[in-house]
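These notebook entries set down what I looked up in one structure.

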Amino acid sequence: MVEHDLYKTSLKLLNAYIWEQKLRHTMERETVLEIVCTLPQPFMPCQVIKEAEAKHISQATIYNALQLFEKIGIIHMLERKARSKSQYEVITTHTNRLRLICKKCGRVSDFKDLAITNAVRLRKYSNFNPEHFTIFVYGECKHCRK
């Protein structure tokens, strides 16, 4: 089931970028976006490929769409060194998030820190009105340190 608000917000960003850059609108991109918004977060490209098989969308189209979504700011690639597989996460939601990402095993977990959240949220930015943020902290989880 597509998270409707997430998909609508992402689709608006995609359509605005396509219009501004005078790119061709394709149903394949929209379908890939819909799949991305359906998957549990974070997700891997192979999950998108598996979901898109029945819709006859090529792997090249999927990877190109993921690159475009990342460029636009719809998704973010999580840095991973342990496995050569990339993970992505949709970032257009209006939720402030703090994420811990293990560089060895790829484990992603949320954490809460009121001081960090307030420091970013309450800071005054010249000529900029922030809506939301995501902070990624990379390191080693307790399981990998053992």
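I call a residue buried under 20% relative accessible area, exposed over 50% and partly exposed in between, with a 1.4 Å probe and protein chains only. The model is predicted: local features need pLDDT of at least 70, side-chain atom pairs count only at pLDDT 80 or more, and totals for chains, interfaces and linings use all residues. Residues are numbered from 1 along each chain as its sequence is written, and side-chain values use heavy atoms, with hydrogens and water left out.

**Entry 1: backbone**

I recalled that most residues other than glycine have a negative phi, and that most peptide bonds are trans. I then looked up Lys 22, which is not a glycine and has a positive phi near 55°. Lys 22 sits in the loop between α1 (4–20) and α2; helices here are DSSP runs of H or I with at least four residues, strands are runs of E with at least two, and both are numbered from the N terminus. Lys 22 counts as exposed because its relative accessibility is 74%.

I noted a positive phi of about 60° at Asn 127, again not a glycine. Asn 127 belongs to the loop between α5 (114–122) and β5 (134–139). With a relative accessible area of 83%, Asn 127 is exposed.

Which peptide bond is cis? I found that the bond joining Gln 41 and Pro 42 is cis, with omega about -10°. Pro 42 is placed in the loop between α2 (27–38) and α3 (45–52).

**Entry 2: helix packing**

I looked up α1 against α4 (residues 59–72): they pack at about 95° with their axes 10 Å apart. Axes are lines fitted to C-alpha atoms, for helices over the stretch in contact, and angles run from 0 to 180 degrees between N-to-C directions. α1 and α4 are therefore roughly perpendicular (65 to 115 degrees; under 35 is roughly parallel, over 145 roughly antiparallel, the rest oblique). Leu 13, Leu 14 and Tyr 17 of α1 meet Leu 68, Phe 69, Lys 71 and Ile 72 of α4, where contact means heavy atoms within 4.5 Å.

I next took α2 and α4, which pack at about 75° with axes 10 Å apart. That angle makes α2 roughly perpendicular to α4. On the α2 side the contact is made by Glu 28, Arg 29, Val 32, Leu 33 and Val 36, and on the α4 side by Thr 61, Ile 62, Ala 65, Leu 66, Leu 68 and Phe 69.
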